[in-house]
Every structure is written in C-alpha cells, then in structure tokens.
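Thanks for coming. I have one model to go through today, so please look at the screen.

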Amino acid sequence: MLKRRLIPKFLARKSTRSEMGDYEVCISQNYSNLKMVGNLRSQLRIFESNKADEFLVINCDKSFRSLDLDFIRSVQDSIALLSTPIMVGGGIDSVDDASNLIDVGVDKVLCGISSLNHGLHTKIANLFGSQALSISIDYLVGPEGFKIGFNQQSHYTLSSFKTLIRDIENSGAGEIVLNRIDFDGTRAGLDIETLRTAQMATSVPIVISSGAGTPEHFIDAFESGADGIATGTYFAKLDQNPLQLRSRLFNAGIHIRT
Amino acid sequence: MGFIGIVDLKSNNSKSVLNVINSLGIEAKLVNTPDDILQSDRLVIPGVGHIDSIVRDMDKSGIRDALIDFSQSGRFLLGICLGQHLLGKKSEESINTKTLGILDFEVNKLPNNFALGLRVPHVGWNSVYFDKNPPLFQSIPSSSDFYFTHSYGITVDTNCAMASTEHSVWFTSAAGRDNIFSVQFHPEKSQKVGRQLLNNFCNLT
C-alpha cells in the first residue's frame with residue numbers, strides 16, 4: 001500500500017557567512033522573518049539519515065526572476081551523494097529552468113500558478129511527464145474567499161477556486177501543494193478545510209504545507225486525505241525528528257514508512 | 001571488470017543513477033553513443049518523463065540498434081521507470097511511439113480509486129512483493145518500500161513479472177528474463193534498499 005509522505009521543507013538562500021557554505025536554510029513565519037537554521041547540504045544529509053520520504057527545497061532569494069546558476073549548482077552538490085527524492089521550487093519561469101534542475105538530479109519542479117496561462121506547465125509536463133511537475137497554491141482565506149499569490153493579487157470564490165484546481169490538473173500537473181501563507185510558522189494546525197475542498201476537485205495527489213505543530217495535526221491531515229505533509233518549522237523548532245513522528249503516526253494507524 | 005554504462009538522454013535523470021552507483025565504489029559512466037553502449041560491461045537505462053520524448057531522444061542519439069544488440073549480447077541490462085517502459089512492446093501513454101520490444105509487456109495508465117483515496121500519478125513509497133528472492137532483490141526483504149513516481153505501468157499480467165505492488169490495482173513493479181531486468185520504482189531514490197538493489201545489479205553473475 002502507498003505510504004503517506006513526510007516532506008521536510010527547506011527555504012534556501014544565498015549565505016553571507018562562509019561557514020554556512022553557499023546556501024543556508026531558513027524557517028519563516030508568514031513567509032517573512034527568515035531565520036537561518038543550518039546549511040543546505042548538511043541539513044539534507046541529516047534528514048536523509050532520518051528517513052525523510054522526500055525533500056522540498058525552495059529558493060527564496062529576492063532576485064526570484066529566473067533561476068540563479070549558483071542555486072542550481074548548490075542543489076547539485078547537496079544531493080550528489082543522496083538518494084532521496086527531491087522537489088525544488090522558487091523562480092522557475094521557463095522550460096530551461098526546469099530542465100536545468102532535472103538535469104542535476106531534481107525529481108520534481110514546483111511552479112506557481114502565475115505561469116498557468118502561459119502554457120509553461122503543459123510544456124514541462126509534456127517534456128518530463130506529469131510526475132515531474134508540482135504546482136504550489138500560496139493563499140490566504142478571508143471572508144470574501146481565497147486570495148492567491150504572495151502579493152494576494154488574485155481573488156477566488158469557493159467555486160472559482162475549485163475551477164482553478166481543475167485547471168491546474170488539466171495543465172498537466174502531477175501534484176498540488178497547498179500552502180496557506182498566514183499559517184506558515186504558526187504551528188497552530190494545517191488548513192484541513194481547504195485540503196478537503198481541493199481533494200474533492202482533483203484526482204492528483206495533494207501535499208499540504210504550513211502550520212503543523214503537533215503529531216495530531218499530521219494525523220488529522222493524513223486522515224483527511226493529504227498524500228504528503230511538508231514542514232519546515234516543525235522539525236527545526238521542536239525536539240522532534242521524522243523518526244519519532246513516524247512512530248506516532250504509525251501507532252495512530254496512518255500508512256507510513258517506519 | 002569493465003564499466004557500468006548509464007544511458008544518458010536529454011530528459012532522463014542519468015546523473016542521479018551515476019552518483020549512486022559511483023558512491024557504491026563501482027565504476028560507471030554516462031553513455032550516449034552506440035560505441036560506448038556496446039563497450040559497457042552492463043547497462044542501466046534510467047528514465048523520467050514522457051515515453052514519446054525519451055524515444056525521440058533515443059532515436060536522435062542513434063542508439064536504438066545498439067540497445068537491442070546489447071540486450072542480445074547476454075550482458076546485464078536494467079531499465080528504470082520510463083527506462084522499463086522503453087523495453088516493453090508499447091505504451092498507452094503514446095500509442096504510436098515505437099518502443100524497443102525487448103520484454104514482453106505492454107504499459108497502461110494506472111486507474112485511480114477515489115473511494116480508497118488512491119490518486120494518480122502514483123507518487124511515494126510503496127511495498128514491493130516477490131516470492132522466491134530473485135537475484136536482483138538479494139538481501140532485500142519482500143514488502144520493502146521503494147520510491148515510485150509514475151502514471152503508467154504494467155497493469156496486465158506478463159510472463160516476465162518478477163515483483164508486484166498494489167495501488168488501486170496490482171501491477172508489475174519489476175519484470176525481466178535472462179539478462180534483462182526492469183523496475184518501475186526508482187532504486188536511485190530509494191535510500192538503503194535502492195542502493196542494495198543497484199549493488200545487486202552491478203554484481204549479478
């Protein structure tokens with residue numbers, strides 16, 4: 001039986017301190033207030049030995065447009081000796097960006113929804129297969145519905161949100177990553193309601209991110225149908241590693257690797 | 001012993017496989033010409049992507065005949081994921097695409113099962129079951145978890161099945177005969193058991 005996935009999430013930025021190597025990893029609150037927690041290469045190595053099911057690395061340097069070659073090189077060096085699947089996002093604006101990452105051993109690229117109308121998703125999916133393309137929905141929920149994007153530039157009602165989910169699937173994406181911006185770093189729980197909405201609207205796997213703070217939050221989200229949970233703060237801030245969490249989940253009846 | 005050739009196509013993840021095999025202390029190199037393929041001691045065909053793009057890349061590199069010749073030479077060959085599909089007779093992903101037909105199976109789309117919450121693509125770690133320990137799985141217990149990421153697979157019984165996995169339906173997760181092996185999962189991304197499997201392949205006798 002397919003196991004649910006625990007996906008450590010690493011926000012990576014160029015390091016200004018030489019002892020941290022090229023790239024350091026951070027945790028955040030509401031995707032700001034970045035706090036450095038370690039070096040990319042060593043963090044990935046530590047989490048592979050903790051049996052992480054997959055990694056999510058997000059390039060969060062402000063330059064953002066077009067993928068920095070230093071970043072690609074750093075990912076390449078960091079994963080060279082590892083054998084854990086890895087998804088990378090942040091600033092992928094072209095087929096070349098995707099191709100450069102896949103070429104150095106990245107398994108999936110994570111794109112935003114802004115490129116939906118430009119055919120980029122479909123081009124990537126046709127070239128590398130749907131399983132190599134995940135789409136991130138970064139959103140807030142308010143009284144008038146969903147606001148999507150880090151500048152909250154687009155508004156969606158519940159019904160247009162469901163249409164968006166279907167459009168994403170139809171564009172060729174093989175996975176959707178739900179990322180509720182105002183829950184990020186709070187450890188107050190994941191957005192189960194939006195998870196349920198999304199999974200009713202699509203047949204592709206869904207990964208949920210932002211807000212996990214206790215093992216019960218993970219159990220809740222897995223029982224509500226999440227295929228994977230991506231988390232940065234949970235592992236970095238608590239004295240919890242994936243191995244401990246895994247036994248808790250297994251004992252609660254979640255299908256998970258032990 | 002010579003080197004392990006890793007078939008390098010534009011859209012496959014040959015470097016991931018190369019890194020893992022090299023980290024086992026085994027000499028491997030990327031190959032993409034008929035000469036290099038035919039000089040390899042054994043051959044791995046990694047694959048990610050769309051069957052049509054991998055076949056196009058293969059034909060552009062002019063290595064189709066070399067791959068078929070290699071498979072008939074008795075030397076060991078391993079296809080991974082899309083590299084497995086490439087070895088089959090045809091794939092529903094692109095019905096007119098001419099695959100190699102080295103192994104006797106067809107590739108079909110995996111069905112989803114909403115009621116069970118099983119989604120497609122099939123992405124993640126899943127158990128691989130086999131009866132008597134095939135040499136490729138030596139020192140690996142049946143039901144070990146390997147990493148999968150695919151929408152198509154060998155869903156219909158084939159006489160070259162070696163191992164199977166369940167996702168909505170049972171499908172063949174490893175197939176082979178004689179010197180030819182193929183796996184649907186990604187050993188290069190399956191941590192300890194994956195390294196063991198690649199090590200087994202490199203040491204098959």
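Predicted model: local features only at pLDDT ≥ 70, side-chain atom pairs only at ≥ 80, totals over all residues.

Residues are numbered from 1 along each chain as its sequence is written, and chains are lettered from A, with ligands numbered from 1, in the order in which they are written.

Chain A has 9 helices and 12 strands; helices are DSSP runs of H or I with at least four residues, strands are runs of E with at least two, and both are numbered from the N terminus. The radius of gyration of chain A is 17 Å against 18 Å from the globule rule for 258 residues, so chain A is as compact as a globular protein of that length. That radius is taken over C-alpha atoms, and the rule is 2.2 Å times the number of residues to the power 0.38. Of the 258 residues in chain A, 50% are buried, meaning that 20 or more other C-beta atoms, placed from the backbone, lie within 10 Å of the residue's own.

Now strand 6 of chain A, residues 108-111. Which of its faces are covered? Both are: Lys108(A) and Leu110(A) are buried on one side, Val109(A) and Cys111(A) on the other. Strand 6 of chain A pairs in the parallel sense with strand 5, residues 86-89, over 3 bridges; pairing takes at least two DSSP bridges. Leu110(A) is the bridge partner of Gly89(A). Strand 6 of chain A also runs parallel to strand 7, residues 133-142, again with 3 bridges, and there Cys111(A) stands opposite Ile135(A).

Next, helix 7 of chain A, residues 215-223. Its buried residues are His217(A), Phe218(A), Ala221(A) and Phe222(A). Just after helix 7 of chain A, Gly225(A) has a positive phi of about 105°.

Last, the contact between the chains. It takes 37 residues from chain B and 30 residues from chain A, with contact meaning C-beta atoms, placed from the backbone, within 7 Å. On the chain B side, strand 7 of chain B gives the most, with 6 residues.

Technical notes:
Contact = placed C-beta atoms within 7 Å. Buried ≥ 20, exposed ≤ 12 C-beta atoms within 10 Å, placed from the backbone.
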